[in-house]
Amino acid sequence: MQSQILPISTRSTTTPPPPPPPPPPSPSTTMMDLSSTRVLISPPFDEEKAIEVEPFLPRASSYTSTSAAARISNFYKKRRRRTLNETDGGSGRSQSFRERAASDSAVTGLCVNLVRYVGLGCRFITRFLALGCYSFLIFPGLVQVGFYYFFSSQVRRGIVYGDQPRNRLDLYLPKECDGPKPVVAFVTGGAWIIGYKAWGSLLGKQLSERDIMVACIDYRNFPRGTMSDMVKDASQGISFVCNHIAEYGGDPNRIYLMGQSAGAHIAACALLEQAIKEAGECERTSWSVSQLKAYFGLSGAYNLYNLVDHFHCRGFYRSIFLSIMEGAQSFRRFSPEVMVQEPDIRNAVSLLPPVFLCHGTGDYSIPSDASKNFADTLRRVGVNAELLLYDGRTHTDIFVQDPMRGGKDQMFEDLVAIIHAGDSVALAKDAAAPPKKQLVPEFMLKLASCISPF
């Protein structure tokens, strides 16, 4: 048999027959023909249609065109947003979760803020270590209070009062619902940097046991906000309490404003600013100073001129303090002790409610002279002001160690007596109330007082 020999020839110039068409894409997959002139994307949503974009790797170029990349990016962004909305079911649960996460994430950022904006000087490192030891010593009490805060049915956490992420407040409700209860609107401390509404949980727990409702108001901290923002947030929180507390069983005719440390300063500024607005002509306000029965300032700062150097020597550096207070030119505006002496706001000062200033004489964070001088100034301008000093008590004693000590807490009893003044039934219950439970052993509390960096 003669074998067949295939001829060798040059490449044919004729067009080869077209390849067979590819199988149709599955609706749940994404197919890309890199040698073709288009990309077909079919997302797993029935209501969405495939979109055409320029090829990722066209013949003449190895890069995707800018317009194609933008369209692909926008498509996936829209799909992610649509997925979130469908998962949420239109109920707003995802948004609510994000809001709570934005608010509660402040706790994890406290140490970061301290390191970033206070610096790593020797004094700061020493105080940071002291803070760690202090927290360890009072940890048994923190665990019990934390359990109550997160699991008690008497606590309503994260109630929204404004449009900022930190515009939230916590409500501590009394067990008995036998009528409208007096209300304390409380602004927590935290050196204007680490303030958080949960810091008032111990006070809220103990006051609610005496039939007093407590609203702990959160606010923006530095660097997310400066003093103007903090005062604005506090004022909005007070407004919410004044206008909506009756919905939760509170008595709108018995509202008391209270602040501790930096919170006392912020609350005092908000109170005075509101009085100035009310004294002005045609000034619209969402709440009135007349709605407050009294103001309580616990270990507060009221004259920035007298404290800036003191803070600097203690490691709260002047540059940071000036940034928080919006410069030295704003010291007058944010110094209530200075402001109440201005002749042009005498009408506003006359609107202020009774003022009670509580301070420990052993306080080295904010000396007790801050409250003493403010009380004297208020009396000179005609405000009903009373100074309550507690011998030898430090900045944290009257707010942390003494409440955890159990038994009789003098400042706590003074606050309750003022709030329940004129209510014979409440006073009789207070007299018969059992002593407070001790949360931390005494020797640990005494050691904590010695180590406390505050």
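Which residues are linked in a network of salt bridges?

Modeller: Happy to. This is a predicted model, so local features need pLDDT of at least 70 and side-chain atom pairs count only at pLDDT 80 or more, while totals for chains, interfaces and linings use all residues. Residues are numbered from 1 along each chain as its sequence is written, and side-chain values use heavy atoms, without hydrogens or water.

The network you ask about links Glu 176, Asp 178, Lys 181, Asp 211 and Lys 429. A salt bridge here is a side-chain nitrogen of Lys or Arg within 4 Å of a carboxyl oxygen of Asp or Glu, and by that rule there are 24 salt bridges.

Lys 205 and Glu 209 meet through their side chains, at 2.9 Å from N to O. Lys 205 is partly exposed at 22% relative accessible area, and Glu 209 is partly exposed at 49% (buried is under 20%, exposed over 50%, partly exposed in between, with a 1.4 Å probe and protein chains only). Arg 254 pairs with Asp 423, their closest N and O atoms being 3.6 Å apart. That bridge links distant parts of the chain, 169 residues apart: Arg 254 sits in strand E8 (residues 250-260), and Asp 423 in the loop between helix H15 (410-419) and helix H16 (424-432). Asp 423 is partly exposed, with 25% relative accessibility. Helices (H or I, at least four residues) and strands (E, at least two) are DSSP runs numbered from the N terminus.

Lys 372 has a relative accessible area of 37% and Asp 376 one of 26%, so both count as partly exposed.

Helix H6 (residues 201-208) has seven of its eight residues buried, so it is largely enclosed by the rest of the structure. The buried ones are Ser 201, Leu 202, Leu 203, Gly 204, Gln 206, Leu 207 and Ser 208.

What about the nonpolar side? A nonpolar core is a set of buried Ala, Val, Leu, Ile, Met, Phe, Trp, Tyr and Cys residues joined through side-chain atoms within 4.5 Å. The largest has 69 residues, among which Trp 192, Met 227, Tyr 295, Phe 321 and Ile 324 touch the most other members. Helix H8 (residues 262-279) contributes the most to this core, with 10 residues. Leaving aside residues up to four places away in sequence, Trp 192 is in contact (heavy atoms within 4.5 Å) with residues including Phe 222, Met 227, His 265, Phe 311, Phe 321 and Ile 324. A second, separate core has 41 residues, including Tyr 172, Met 411, Val 416 and Ile 419.

For the overall setting, the protein has 17 helices and 11 strands, and buried residues make up 47% of its 454 residues. Among contacts between residues at least 6 apart in sequence, 73% join residues at least 24 apart.
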